[in-house]
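Reader: Hi! I've got a two-chain model to go through today. Could you walk me through it while I have it open?

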Amino acid sequence: MEELIEKLKREVIEQLNLEDISPEDIEADSPLFGEGLGLDSIDALELIVLLEKNYGLKIEDPKDGKKIFHSIRTMAEYITEHKKA
Amino acid sequence: MNQVISAYSGIKPGQAWVNGGIEYRDENFITFAEFIKPFFKRLNLGYPKFYKMDPLSKLGFIASELIFKHIDLDLYDKKRVGIVLANSSSSLDSDLVHQESINNRSHYFPSPSVFVYTLPNIMIGEICIRHQLKGENAFLISEKFESSLLFNFVNELFLNNRVDVCLTGWVDLLKEQFEALMMFVEPTGLAITEENSGMLLPFSEETMDDLYKKM
C-alpha cells in the first residue's frame, strides 16, 4: 500500500501539473480538495482519467468520486480493492 | 472622447518589454515552455494556477501581468474593465494537443485540462479570474495583426459607455511561434497622473501599428 501511495503522489503531481509540489509535500491522508491541495473540478476529471488510463478503473457512479478522491490514501485503497476483484 | 494607452507590454521569442523598456531577456531557450517558466518565476506572482494553463493563456497572462504591474486596478470598477484580444491562430495550439489525444481509438484518453483550453477566449477568462474583472470582453480572429479591428471594437465599447477602461491587444501562439502586444486603454481624464504624464500614447490605429512594428 505504501508503495502505491508514493507512486500515486508522483502520478497526481504529473497529471495535474503541480509544478511547485513534491511528493513529500503531500500527506497521504490530507484532503485533495478544498483546504488540501486546493484542486478544482477540472483536476477531479483529470483524476478520473488517471485511474482509467493508469489502472484500468472506471468510476461508474460519479457520486463515488467524492469518497474515492478524498485523499491519496483513499485513492490507493480504491485501486487496491478493485484491482483484486 | 479621446482615449490614451497608459501602459503597454510586448513579448516575443527571447524578450519582453513594458512601456518601451526591456523587462526580460533570455536567448538561451529552445521551447516556449523553457522561455515562459523562468520568466513567470522571476515575476514572483505566487499564482500556481499558471502552471495549469495552456501555452496561449500563459502568454496572455504574463503580458497582462506586465501591464498590471503599472496599473492599480483597484482604482477602477472591475465590472467596467473590458478586455478585447485578437490573434490569428485561435486556440489551434491546444486544439492539436487535444486532437492527438483522441486520434487513437484504442488509447482514447482526452485530457479535460487540455480540452478546456480549446477556445481562445479562455485566455481572457484566466486574466479575469486573476483580477476579478467582470466587464465586457471579446476575442477576435484575424489573419494578421489588424489595428483597425481592435481600435474599432474598443472604440465602440467606449462610445456606447460599456467600459470605463479596456485591456486590448494581440496574443498569438502556435507551435513555438509566439508574440504578444497588450495595451491598457483609458479616457484621458482618468489616466493622467504626475508620474505617467509623459508616457501616455494616443489610442489610435497608428500608435498600435507603431508599437507592433517595434516588437
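Predicted model: local features only at pLDDT ≥ 70, side-chain atom pairs only at ≥ 80, totals over all residues.

Reader: Okay, chain A on its own. How many helices and strands are there?
Author: Four helices and zero strands. Along the sequence, chain A reads α-α-α-α.

Reader: What about its radius of gyration?
Author: Chain A has 12 Å, which agrees with the value near 12 Å for a compact globule of 85 residues. Its C-alpha trace spans about 35 × 25 × 20 Å along the principal axes.

Reader: How much of chain A counts as buried?
Author: Of its 85 residues, 22%. As for contacts in chain A between residues at least 6 apart in sequence, 56% join residues at least 24 apart.

Reader: Switching to chain B, what's in there?
Author: Eight helices and eight strands. The radius of gyration of chain B is 17 Å, close to the 17 Å from the globule rule for 215 residues, so chain B is as compact as a globular protein of that length.

Reader: Let's talk cores. Which residues touch the most other members of the largest nonpolar core?
Author: Leu59(B), Cys166(B) and Phe184(B), out of 53 residues in that core. There is also another core, apart from that one, with 15 residues, including Leu18(A), Ile26(A), Leu37(A) and Leu51(A). As background, nonpolar side chains tend to be buried together in soluble globular proteins.

Reader: What does Leu59(B) touch?
Author: Leaving out residues up to four places away in sequence, Leu59(B) touches Ile11(B), Ile36(B), Val171(B), Leu173(B), Phe178(B) and Ala180(B). Leu59(B) also takes part in the meeting of H1(B) with H2(B).

Reader: Where does Ile71(B) sit, and is it buried or exposed?
Author: Ile71(B) is in the loop between H2 and strand S4 (81-87) of chain B. Ile71(B) is buried because 20 other C-beta atoms lie within 10 Å, and 20 is the cut-off for that label. Beyond residues up to four places away in sequence, Ile71(B) touches Ser6(B), Ala7(B) and Phe184(B). Ser6(B) is 65 residues away along the chain, with the two C-alpha atoms separated by 8.4 Å.

Reader: And Asp93(B), buried or exposed?
Author: Asp93(B) counts as buried, since it has 23 C-beta neighbours inside 10 Å. Asp93(B) lies in helix H3 (residues 92-102) of chain B. Among the residues it touches are Asp54(B), Pro55(B), Leu173(B) and Lys175(B). The C-alpha atoms of Asp93(B) and Leu173(B) are 7.0 Å apart, though 80 residues separate the two along the chain.

Reader: Last one, backbone angles. What is phi of Lys175(B)?
Author: Near 45°, a positive value in a residue other than glycine. Most residues other than glycine have a negative phi. Lys175(B) sits in the loop between strand S6 (165-174) and strand S7 (177-187) of chain B, and is exposed, with 11 other C-beta atoms within 10 Å.

Reader: And what is phi of Asn19(B)?
Author: Also positive, near 45°. Asn19(B) is in the loop between strand S2 (15-18) and strand S3 (21-25) of chain B, and is partly exposed, with 18 other C-beta atoms within 10 Å.

Technical notes. Residues numbered from 1 in each chain as written. Chains lettered and ligands numbered in written order. Core = buried A, V, L, I, M, F, W, Y, C linked by C-beta atoms within 7 Å. Buried ≥ 20, exposed ≤ 12 C-beta atoms within 10 Å, placed from the backbone. Contact = placed C-beta atoms within 7 Å. Helix = DSSP H or I, 4+ residues; strand = E, 2+ residues; numbered from the N terminus. Rg over C-alpha atoms; globule rule 2.2 N^0.38 Å.
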